[in-house]
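Please look over the sequence and the 3D structure below. A short briefing follows, grouped by topic.

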Amino acid sequence: MVKQNDLNFDYKFGFSKPEKSVFRVKKGINEEIVSQISKIKKEPLWMKEFRLRSYRFFKKTKMPEWGADLSKIDFENIFYYIRATDKAMNSWEDLPSEIKDTYDRIGVPEAEKNFLAGVSAQYESEVVYESIQKELTKQGVIFCDMDTGLKKYPEIVKKYFGTIISPYDNKFAALNSSVWSGGSFVYVPRGVKVALPLQAYFRINARNFGQFERTLIIAEPESFVHYIEGCTAPIYTTSSLHSAVVEIIVKPGARVRYTTVQNWSKNVFNLVTKRARVEKNAVMEWVDCNIGSGVTMKYPSCFLVGDGAKGEVLSIAYAGSAQHQDAGAKMIHMAPNTTSRIVSKSISGHGGRTSYRGLVQVLPGASNSKVYVSCDALILDEESRSDTYPSMKINENEVDIQHEATVEKLGEEKLFYLQSRGISKSEAEGLLVNGFIEPVVKEIPLEYSIELNRLINLEMAGSVG
Amino acid sequence: MNSMIGLKNLSVSVSNKEIIKGVNYSFEKNKVYALMGPNGSGKSTLAYAIAGHPSYSYSKKSKIFFEKSEISKLLPDKRAKKGIFLSFQNPLSLNGVTVFQLLRLALSGIKEPLAVKKQIDVLADKLHIKKELISRSLNEGASGGEKKKLELLQAIVLDAKFIIFDEIDTGVDIDALKIIAEYMSKNRKNKTYLLITHYNRILKYVKPDKVLVMSSGKIVKVGDYKLAEEIEKNGYKSL
């Protein structure tokens, strides 16, 4: 049971605002609640039916048992829908002061001033703040929350929604499909190159409340867009669930980059399905950094369906005390001349556990494909653990495959070397860890990489419990 | 008394094996010392003990002084902050960490990052260190001589007062050795050098004020540079 006074403020971003929800459905999940969510959102019938079909699959599907321990998730003890304010606001001044205050503390307005092309910040389950700069609109780029997308662009949404990740793909994709709320809808017209990254900030703030955002990105031929999601969350007293679905369609000759800096508080189960369909000569790049959450299971995927398609996953995982980061990538080569590249860097310390889990599949006919997999693990102490589960299914002869894996322990000699230069032991650990992940970090926009380095140094210093 | 580093009854053990057996010595300011001795006599252990390596333990009576303050219980980074610098025999390469990142962190709050950067560039030029070695991960793909020059560069930027060169002349080509020696000869003010060496090759370029000979964990002989020549000629056995 949830007590009212047991919020824990130790978490470094663990400020929690009074809940001022306008509406929320009852705890738990059943067909009635799923229908109710659809009704409140005034959705078309097809979406309601999609939700119900997904729910039925969710209900009959067993929990996945091949990965991290998910036995502590109590689906009946979660609120599946909360709406914080009546409608999405489009200027900062219109926001309720509590929400504004929350965002001030994670620096949304400042970030916007400096460089944002558009902010879509998610508070609880619905986007409440949204400002899209005129330039984007002029170019015909659509960047809004998913609910608005469904209302304003029903044909596009209906055409692509659920086509990349079927609700029947896995239990959590099914759960998201039945109760999804919020997330981003991005549409980039043919030939348009969006110069600045699109950013979304996520936050969950109601105790026992799962966040089920849904993102759909469509990049028309020869276009380019970089989408960034970063999240921090206040701490709760009981386990919280974040289960998102991200679908991306990269049409011929287009390029999409999707960057994530994930820093959920440590009681959050972060179970996310991310997948891109990559067409002829198109490029998909996932940059995935997992620092927070108690348990993460996430394997961004590329389905390389067109001749010459390229897919890339660059990932960093840090697991500290009581954390398990089970992360990796999936690359499915379905056409000739396709290229995939996976670079994974994982760090475990203070008793944490990281697992690299990857699948590379080259289907018959995907001749002349190139595969590169490199997974490096850094283990900081004797209590911590790292495992690697690479899987390759190659059904084609003409394939160029490279696979490298290293496991390194943070040696006393390297630490002493740095200490003998006047650097404290914890700073030295931070420096070495940041050096270890540097090949991936350099791919991340500057202010995110600074934040990432800072987060890791904080973890190293043991200031986070 | 003009003592830089004082060792009093210093006995040092590694995994319960005593390596240094009661050394008493005072290194004076602005002087160059050469420490010689056969393999396994405890030279490197002495260097590590002064720098504060965590796996070395001291006997109860052991004391190490920096100027007048006792530092035996300080962590290595605190000793380094006072001005002790150890140039490693085999400097490790640091994946993803440049010499600038290292020095910027070591000097945060002491020197501006830009000043650090500038000093590194100037010194790299002076010590003939290739530009790419400065921008690359520290010591990665560097030759023996380049590594030692990078160690010296760090010592200078950190403005170290007591600099220990552990086997400065092992695996180093003559050009690099000359550059290192030349720097030391020109910068003797407010610096104390302790050169651990097997040969007197470097001692031709930097004339030591004192030559110490170590054997079985003890300093068995102290002399001037002529002692080094004698050792070169007759070996340690004649002592």
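**Briefing: a predicted complex**

Strand S3(B) and strand S10 (residues 210–215) of chain B run parallel and are joined by four bridges. Two strands count as paired if DSSP finds at least two bridges between them. Helices (H or I, at least four residues) and strands (E, at least two) are DSSP runs, numbered from the N terminus.

This is a predicted model: local features need pLDDT of at least 70, side-chain atom pairs count only at pLDDT 80 or more, and totals for chains, interfaces and linings use all residues. Residues are numbered from 1 along each chain as its sequence is written, while chains are lettered from A and ligands numbered from 1 in the order in which they are written.

**Strand S3 of chain B**

- In S10(B), B:Leu212 is the bridge partner of B:Leu35.
- S3(B) also pairs with strand S9 (residues 192–196) of chain B, in the parallel sense, over four bridges.
- There, B:Leu195 in S9(B) stands opposite B:Ala34.
- How many of the five residues of strand S3 (residues 32–36) of chain B are buried? Five of the five are, so the strand is largely enclosed by the rest of the structure.
- A residue is buried if 20 or more other C-beta atoms lie within 10 Å of its own, exposed if 12 or fewer, and partly exposed in between; C-beta atoms are placed from the backbone.
- In a regular strand, side chains alternate between the two faces of the sheet.
- B:Val32, B:Ala34 and B:Met36 point one way from S3(B). B:Tyr33 and B:Leu35 point the other way, and all are buried.

**Chain B as a whole**

- Chain B has eight helices and eleven strands.
- Its radius of gyration is 17 Å, close to the 18 Å that the globule rule gives for 239 residues, so chain B is as compact as a globular protein of that length.
- The radius of gyration is taken over C-alpha atoms, and the globule rule is 2.2 Å times the number of residues to the power 0.38.
- Along the principal axes, the C-alpha atoms of chain B fill a box of roughly 50 × 40 × 35 Å.
- Of the 239 residues in chain B, 46% are buried.
- Take the contacts in chain B between residues at least 6 apart in sequence: 70% of them join residues at least 24 apart.
- Two residues are in contact if their C-beta atoms, placed from the backbone, lie within 7 Å.

**Confidence**

- Chain B has a mean pLDDT of 92, and 100% of its residues reach 70 or more.
- pLDDT is the predictor's confidence in each residue, from 0 to 100.
- For the complex, the predictor gives an ipTM of 0.96 and a pTM of 0.79.

**Where the chains meet**

- On chain A, 18 residues are in contact with 23 residues of chain B.
- On the side of chain A that touches chain B, the elements giving two or more residues are helix H9 (412–419) and helix H10 (425–441) of chain A.
- H9(A) gives the largest share of that side, seven residues.
- By class, that side of chain A has seven nonpolar, five polar and six charged residues.
- Ala, Val, Leu, Ile, Met, Phe, Trp, Tyr, Cys and Pro count as nonpolar, Asp, Glu, Lys and Arg as charged, and the others, Gly among them, as polar.
- A:Tyr417 lies in helix H9 of chain A.
- Is A:Tyr417 buried or exposed? A:Tyr417 is buried, with 23 other C-beta atoms within 10 Å.
- Leaving aside neighbours within four places in sequence, A:Tyr417 is in contact with B:Phe88 and B:Leu92.
- A:Tyr417 and A:Ala428 are eleven residues apart along the chain, and their C-alpha atoms are separated by 9.0 Å.

**Domains of chain A**

- Chain A is divided into domain 1 (23–298) and domain 2 (419–465). These bounds come from an automatic or database domain assignment.
- Nine residues of domain 1 of chain A are in contact with seven residues of domain 2 of chain A.
- On the domain 1 side, strand S9 (224–232), strand S12 (255–263) and strand S14 (283–290) of chain A are the elements that give two or more residues.
- S12(A) gives the largest share of that side, three residues.
- That side of domain 1 has six nonpolar, three polar and no charged residues.

**Two loop residues in chain A**

- A:Glu222 is in the loop between strand S8 (214–219) and S9 of chain A. A:Glu222 is not a glycine, yet has a positive phi of about 65°.
- A:Glu222 counts as partly exposed, with 18 C-beta neighbours inside 10 Å.
- A:Asn281 is in the loop between strand S13 (268–278) and S14 of chain A. A:Asn281 has a positive phi of about 55° although it is not a glycine.
- A:Asn281 is partly exposed, with 18 other C-beta atoms within 10 Å.
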